[in-house]
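Please work through the exercises below with the sequence and the structure side by side, and try each task before reading its solution.

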Amino acid sequence: MQRQIFTEEHDAFRETVRAFLAKEVLPHYEQWEQDGIVSREAWLAAGRAGLLGLAVPEEYGGGGSDDFRYSAVLAEEFTRAGAAGLAIGLHNDIIGPYLTGLATDEQKRRWLPGFCSGETITAIAMTEPGAGSDLQGIRTTAEDRGDHWLLNGSKTFISNGILADLVIVVARTTPEGGAKGLSLIVVERGAEGFERGRNLDKIGQKSQDTAELFFNDVRVPKENLLGEPDGAFIHLMTNLAQERMGIAVAGIAAAEHLLEITTRYVKEREAFGRPLSKLQHIRFEIAEMATECAVTRTFLDRCIVDHSDGVLDAVHASMAKWWATELQKRVADRCLQLHGGYGYMSEYKVAKAFTDGRIQTIYGGTTEIMKEIIGRSLLA
């Protein structure tokens, strides 16, 4: 079906993204995978290409557009390229809204120009060794010491954790406040007592640095509080729909791309003297995946438009996230099976997509959490 959600401007932007990937990412990606981290030069190149800060006001060097369709184009093209390591979606769509929506004018002047140029790489630190989706379990504390916050605690599974120059830390500022006693504290590179642990060894997305972070009596200036004191819970809930939409968009794009790759493969690969595509079982497999992708794409495109118009709610974002990522997981598994032994070889795209995509049903809220959100809304 012909997609109808993009304009000529979006199509032109897609060509810009593809040119960027061809020149600045794909020639270096194998080395980044071996290194376990991307080059900072790639971030600077993304800034020069206008790919960072799409929704940041132009006065700070951003694109000045809150049209989520541009972010969707980025997610789709990076997914098709298999380039998950350069976490532009995290930077733009997850962290960007906190800075544009909550930062003071002074904070915006300090942080947003570098955010848009690629000189300031960002991360958000929520997850702890003992607290994932349950914000009430966060133990990292920020104690009010008059002219500064004294930050203590640790975080884990932090994307961009090694490269980050600016980390938004979710910390407890009111001990008895539960999930509503949390604040967002911004820690900058070089702060005394701020240490990075190992670059975690994952089964996929090898070039995307994911780290442990440690805060030992870190003195953070009072002016680095982002948003309201004890307001983190509301701030986090406000921005989760966009985070989940970004993951969902990547999910359906991955499923569609895997289907394309596998369709070509079964036409070319022969077994028992004829192409695999001549076997009825293979045709049924392809037919089922194609139908599931088409139906999911229709729903996702509606969600993209709704989010661009500011009317997408948390429930439908949760539907999009769990459905698209579970579809991606199923399609990756089935496509790898159809590749036979070759599907298990790292040099084949389907193998890399299988391991890179497995995290999709986990981060940004697990499938189980998404179902709980949806079910609670219907049965409250």
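Two exercises follow, one on the whole protein and one on a single residue. The model is a predicted one, in which local features need pLDDT of at least 70 and side-chain atom pairs count only at pLDDT 80 or more, while totals for chains, interfaces and linings use all residues. Residues are numbered from 1 along each chain as its sequence is written, and side-chain values use heavy atoms, with hydrogens and water left out.

**Exercise 1.** Describe the fold of the protein as a whole.

Solution. Begin by counting elements: the protein holds 11 helices and 10 strands, where helices (H or I, at least four residues) and strands (E, at least two) are DSSP runs numbered from the N terminus. Next, take the extent, for the C-alpha trace spans about 80 × 50 × 40 Å along its principal axes. Then turn to burial, where 52% of the 380 residues are buried, a term that means under 20% relative accessible area with a 1.4 Å probe and protein chains only. Finally, look at contacts (heavy atoms within 4.5 Å): of those with a separation of 6 or more, 74% are between residues 24 or more positions apart.

**Exercise 2.** Find serine 71 and decide whether this residue is buried or exposed.

Solution. First locate the residue, which lies in helix H4, covering residues 68-80. Then read its relative accessibility, which is 9%, so serine 71 counts as buried. Last, set aside the neighbours within four places in sequence, and serine 71 is found in contact with Leu54 and Asp93.

Notes. Buried means under 20% relative accessible area, exposed over 50%, partly exposed in between (1.4 Å probe, protein chains only).
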